[in-house]
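Open the model in your viewer and keep the sequence panel beside it. The stops below say what to select next and what is there.

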Amino acid sequence: MRRVWMVCMLLLFMGSGIASAGAQEIKRPKAVVPEREFDFKDVDEGLVLEHAFVIRNEGEAHLNILDVKTG
C-alpha cells in the first residue's frame, strides 16, 4: 500500500511540473507592417523607383528577416 501511495505522489509531482512548464509563454517576434502596399501610379519605362517599407517588431524576441519576395 505504501508503494502505491509513493508512486501516486511521484506522478502527481511530475504532472504538476509538466503543467507549470507548459504554462510558460514562449517569447516570439511579431512583425508589424502598417503600410502593406504602395502604388507608384504610372511609371515611365526604364525609371528606377524605390520605396521603403517600415517593419516594426512588437514581439518579445529578435525579428530576423531572412528572405523577401516582391510581387
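**First stop: Leu 63**

Select Leu 63: leaving aside residues up to four places away in sequence, Leu 63 touches Pro 29, Ala 31, Ile 55 and Asn 57, where a contact means heavy atoms within 4.5 Å. Leu 63 lies in the segment after β2. Show the C-alpha atoms of Leu 63 and Ala 31: they are separated by 7.2 Å, though the two residues are 32 residues apart along the chain. Leu 63 counts as partly exposed because its relative accessibility is 29%; the classes are buried under 20% relative accessible area, exposed over 50% and partly exposed in between, with a 1.4 Å probe and protein chains only.

**What the model is**

This is a predicted model, in which local features need pLDDT of at least 70 and side-chain atom pairs count only at pLDDT 80 or more, while totals for chains, interfaces and linings use all residues. Residues are numbered from 1 along each chain as its sequence is written, and side-chain values use heavy atoms, with hydrogens and water left out.

**The whole chain**

Now colour by secondary structure. The chain has one helix and two strands, in the order α-β-β from the N terminus on. These elements are DSSP runs numbered from the N terminus, helices being H or I of at least four residues and strands E of at least two. Of the 71 residues in the chain, 1% are buried. Among contacts with a separation of 6 or more, 49% are between residues 24 or more positions apart.

Next, select Phe 38, in the loop between β1 (31-32) and β2 (56-57). Phe 38 has 37% relative accessibility, so it counts as partly exposed.

**Last stop: the salt bridges**

How many salt bridges does the structure hold? There are two, each a side-chain nitrogen of Lys or Arg within 4 Å of a carboxyl oxygen of Asp or Glu. Select Lys 41 and Asp 39, whose side chains meet at 3.7 Å, N to O. Lys 41 is exposed, at 63% relative accessible area. Then select Arg 56 and Glu 58, with their closest N and O atoms 2.7 Å apart. Arg 56 is partly exposed at 37%, and Glu 58 is partly exposed at 46%.
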